[in-house]
Amino acid sequence: EAQQFAARRRLLLGALVLVAIVICAGSYFIARAFARELAVARLQSDFVSAVSHEFRTPLTALRQLSEVFNEDRPLEQERRKKYYQALDRATARLDKLVEGLLDFGRMEAGAREDRFEPLEPSALVTHVVQEFTESLADPRRIDLVDNGTAAEITGDSEAISRALRNLLDNAIKYSP
């Protein structure tokens, strides 16, 4: 009887240890999944915040210019032209932001395919810089240095242009 009691006690103790191990492992995996979900939620929140901030600037410009036109004040032709150019820049920026979001969605879904083609990097960079400086509200000067070496690469001109615009935009935002 003592041996049966000791065997039963070992069996119950082993089962208790096994249940404790299962509970600890389950708790670990639940905590890990919870931490990942929190990280994803934080990333989504940061993304929404960044997108909202990026949309706010052109929308503010559109709102201000719309208010000027709604006031029905007489405007000289040169000023009116500048306002229309500012409207054009703001809508172009909004268009690029929306296209960027759509491209991001396509990339996430795996639906966007890269279109590789032969490119001349200096021509592409010159075009992007010219387009970028024309879209700026406050004039900036960007100096390009061409070393005279002709090169050809294979790449997706749209993706490379977007990356260059992002670099230029960040340089304007975060440098003196």
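Colleague: Among contacts in the protein between residues at least 6 apart in sequence, what share join residues at least 24 apart?

Modeller: That share is 78%, where contact means heavy atoms within 4.5 Å. Please note that this is a predicted model, in which local features need pLDDT of at least 70, side-chain atom pairs count only at pLDDT 80 or more, and totals for chains, interfaces and linings use all residues. Residues are numbered from 1 along each chain as its sequence is written, and side-chain values use heavy atoms, with hydrogens and water left out.

Colleague: What pLDDT does the protein average?

Modeller: The average is 85, and 97% of the residues score at least 70; pLDDT is the predictor's confidence in each residue, from 0 to 100.

Colleague: Which elements have the lowest and the highest mean pLDDT?

Modeller: Helix H2 (residues 77-109) has the lowest, at 82, and strand S1 (residues 117-119) the highest, at 92. Helices (H or I, at least four residues) and strands (E, at least two) are DSSP runs, numbered from the N terminus.

Colleague: How many helices and strands are there, and in what order do they run?

Modeller: The protein has four helices and two strands. From the N terminus on, the order is α-α-β-α-β-α. The protein is more spread out than a compact globule, because its radius of gyration is 30 Å, well over the 16 Å that the globule rule gives for 176 residues. That radius is taken over C-alpha atoms, and the rule is 2.2 Å times the number of residues to the power 0.38.

Colleague: What does the C-alpha trace span along its principal axes?

Modeller: The trace spans about 110 × 55 × 35 Å.

Colleague: Where is Ser-161 placed, and which residues is it in contact with?

Modeller: Ser-161 lies in helix H4 (residues 157-174). Leaving aside neighbours within four places in sequence, Ser-161 is in contact with Leu-124 and Val-128.

Colleague: And what does Arg-80 touch?

Modeller: Not counting residues up to four places away in sequence, Arg-80 touches Phe-69 and Leu-75. Arg-80 has its place in helix H2 and counts as partly exposed, at 26% relative accessibility.

Note on methods:
Buried < 20%, exposed > 50% of the residue type's maximum accessible area, 1.4 Å probe, protein only.
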